[in-house]
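Biologist: I have the model open on my screen. Can you walk me through it?
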Amino acid sequence: QVQLVESGGGLVQPGESLRLSCVAFGIIFRIKNMSWHRQAPGKQRESVALITSGGGTNYADSVKGRFTISRDNANNTVYLQMDSLKPEDTAVYYCHIVTSRFPVGENNYWGQGTQVTVSS
């Protein structure tokens, strides 16, 4: 089994920063895309940021210029650096990865979620 372990969530005040980490454990042939998603109370889950195996990135409009996604391929880790946090960023954040199977096919996995609360 592949397990995604997330960490870094917590309670911060508006304007502060936080960095989330997600480490993939298990037998993995190759990790394709890695991404972060969030779900706020009473809201649907939304995509926040994505990074491809080649380093290309995509961000939701609401976080552009404030959030940065990055990956450490040697350690099967994806990060989400969150700066200038706002109360509307409050949500449970989930890590998601897509892996390639040998010789063909894909699998995908979700982390357990980590709570981020931005409040004064």
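Modeller: Start with the disulfide: C22 is joined to C95, with an S to S distance of 2.2 Å. A disulfide here is a pair of cysteine sulfur atoms within 2.5 Å. The model is predicted, so local features need pLDDT of at least 70, side-chain atom pairs count only at pLDDT 80 or more, and totals for chains, interfaces and linings use all residues. Residues are numbered from 1 along each chain as its sequence is written, and side-chain values use heavy atoms, with hydrogens and water left out.

Biologist: Which parts of the chain does that pair link?
Modeller: Distant ones: C22 is in strand β3 (residues 18–25), C95 is in strand β9, and 73 residues separate them. Strands are DSSP runs of E, at least two residues, and helices are runs of H or I, at least four; both are numbered from the N terminus.

Biologist: What is the handedness of the link between C22 and C95?
Modeller: Left-handed, with -80° about the S-S bond.

Biologist: Is C22 buried or exposed?
Modeller: C22 is buried, because its relative accessibility is 1%. C95 is buried too, at 0%. Buried means under 20% relative accessible area, exposed means over 50%, and partly exposed is in between (1.4 Å probe, protein chains only).

Biologist: How many disulfides does the structure hold?
Modeller: One.

Biologist: New topic. Where does R38 lie?
Modeller: R38 is in strand β4. R38 counts as buried because its relative accessible area is 5%.

Biologist: Which side chains make polar contacts with the R38 side chain?
Modeller: The side chain of S62 does, at 3.4 Å. So does that of D89, at 3.0 Å. A polar contact is a pair of N or O atoms within 3.5 Å; within protein, one must be able to donate a hydrogen and the other to accept it, and residues adjacent in sequence count only if both atoms are side-chain atoms.

Biologist: What else is R38 in contact with?
Modeller: Leaving aside neighbours within four places in sequence, the list includes Q44, R45, E46, V63, F67 and Y93. Contact means heavy atoms within 4.5 Å.

Biologist: And D89, where is that?
Modeller: D89 sits in the loop between β8 (77–82) and β9 (91–100). D89 is buried, with a relative accessible area of 0%.

Biologist: What does D89 touch?
Modeller: Not counting residues up to four places away in sequence, D89 touches R38, R66, F67, S84, V116 and V118.

Biologist: Back to β4. How do β4 and β5 run?
Modeller: Antiparallel: five bridges join β4 (residues 30–39) to β5 (residues 46–51). Two strands pair if DSSP finds at least two bridges between them. M34 has I51 in β5 as its bridge partner. The two strands form a hairpin with six residues between them, and G42 in the turn has a positive phi of about 75°.

Biologist: Which strand comes up next to β5 on the list?
Modeller: Strand β6 (residues 57–59) pairs with β5 in the antiparallel sense, over three bridges. A49 stands opposite Y59 in β6. β5 and β6 also form a hairpin, with five residues between them, and G55 in the turn has a positive phi of about 100°.

Biologist: Which rings does R45 lie over?
Modeller: R45 lies over the face of Y94, at 4.3 Å from the ring centre. The charged end of R45 also sits over the ring of W110, 4.6 Å from its centre. A charge sits over a ring if NZ of Lys or CZ of Arg is within 6 Å of the ring centre and within 35 degrees of the ring normal.

Biologist: Which phi does N76 have?
Modeller: A positive one, near 50°, and N76 is not a glycine. N76 lies in the loop between β7 (67–72) and β8. N76 counts as partly exposed, at 26% relative accessibility.

Biologist: What about S84?
Modeller: S84 has a positive phi of about 50° although it is not a glycine. S84 is in the loop between β8 and β9. S84 is partly exposed, with a relative accessible area of 41%.
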